[in-house]
Amino acid sequence: MATQFQRPSSSDRYFAALAVAERRALHSFFDQHIVEDNGLGYFALDEGDYNALPAHLAARVVHTVHGAMSDEF
């Protein structure tokens, strides 16, 4: 029996990465970036994983969700 798999569309991958970034941002001091990738489509990247975002990644950022944690208290 043959099984067909429907490949997620580019917009589906974008919105999945956006959902991950928005969830992470609620509990992070760092910005969450959505990066476009030829192989993966889109993925969420935590700015806190890098001292400064490398140029090859920064050039592919399509959206940023700002970190929502506050250390004022």
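Biologist: How far from a polar atom of the side chain of Arg-24 does the backbone oxygen of Ala-44 lie?
Modeller: The separation is 3.4 Å. This is a predicted model, where local features need pLDDT of at least 70 and side-chain atom pairs count only at pLDDT 80 or more, while totals for chains, interfaces and linings use all residues. Residues are numbered from 1 along each chain as its sequence is written, and side-chain values use heavy atoms, leaving out hydrogens and water.

Biologist: Where is Arg-24 placed?
Modeller: Arg-24 belongs to helix α1. Helices (H or I, at least four residues) and strands (E, at least two) are DSSP runs, numbered from the N terminus.

Biologist: And what does Arg-24 touch, not counting residues up to four places away in sequence?
Modeller: Arg-24 is in contact with Gln-32, Ala-44, Leu-45 and Asp-46; contact means heavy atoms within 4.5 Å. The C-alpha atom of Arg-24 is also 9.2 Å from that of Val-65, a residue 41 places away along the chain.

Biologist: What does Arg-24 count as at 37% relative accessibility?
Modeller: Arg-24 counts as partly exposed. Buried means under 20% relative accessible area, exposed means over 50%, and partly exposed is in between (1.4 Å probe, protein chains only).

Biologist: Stepping back, how many helices and strands are in the protein?
Modeller: The protein has two helices and three strands. Along the sequence they come in the order α-β-β-α-β.

Biologist: What share of the 73 residues count as buried?
Modeller: The share is 25%. As for contacts with a separation of 6 or more, 53% involve residues 24 or more positions apart.

Biologist: How do β1 and β2 run, and how many bridges join them?
Modeller: They run antiparallel, with six bridges between them. Two strands pair if DSSP finds at least two bridges between them. A hairpin of three residues leads from β1 to β2. Among the bridge partners, Val-35 goes with Phe-43 of β2, and Ile-34 goes with Ala-44 of β2.

Biologist: What stands opposite Ile-34 in β3?
Modeller: His-63 does. β1 and β3 also run antiparallel, and four bridges join them.

Biologist: Why is strand β2 described as largely enclosed by the rest of the structure?
Modeller: Because five of the six residues of β2 (residues 41-46) are buried.

Biologist: Back to the helix. What does Tyr-14 touch, not counting residues up to four places away in sequence?
Modeller: Tyr-14, which lies in helix α1, touches Ile-34, Tyr-42, Val-62 and His-63. Its C-alpha atom is 7.4 Å from that of Phe-43, 29 residues apart along the chain.

Biologist: Change of topic: how many salt bridges does the structure hold?
Modeller: The structure holds one. Arg-60 and Asp-37 form a salt bridge through their side chains, at 3.8 Å from N to O. Arg-60 lies in the loop between α2 (55-58) and β3 (61-65) and Asp-37 in strand β1, so the pair ties together parts that are 23 residues apart in sequence. The term means a side-chain nitrogen of Lys or Arg within 4 Å of a carboxyl oxygen of Asp or Glu.

Biologist: Is Arg-60 buried, exposed or partly exposed?
Modeller: Arg-60 is partly exposed, at a relative accessible area of 30%.

Biologist: What about Asp-31: buried or exposed?
Modeller: Asp-31 is buried, and it has no salt bridge. Arg-24 is the nearest side chain of opposite charge, 12 Å away. For charge, Lys and Arg count as positive and Asp and Glu as negative, while His and the chain ends are not counted.

Biologist: Which side chain does the side chain of Asp-31 make a polar contact with?
Modeller: The partner is His-66, at 3.3 Å. A polar contact is a pair of N or O atoms within 3.5 Å; within protein, one must be able to donate a hydrogen and the other to accept it, and residues adjacent in sequence count only if both atoms are side-chain atoms. Asp-31 sits in the loop between α1 and β1 (32-37). Not counting residues up to four places away in sequence, those it touches include Leu-45, Thr-64 and Gly-67.

Biologist: Last one: where does Ser-9 lie?
Modeller: Ser-9 lies in the segment before α1 (10-25). Ser-9 and Ser-11 are joined by a side-chain polar contact of 3.2 Å. Ser-9 is partly exposed, at a relative accessible area of 31%.
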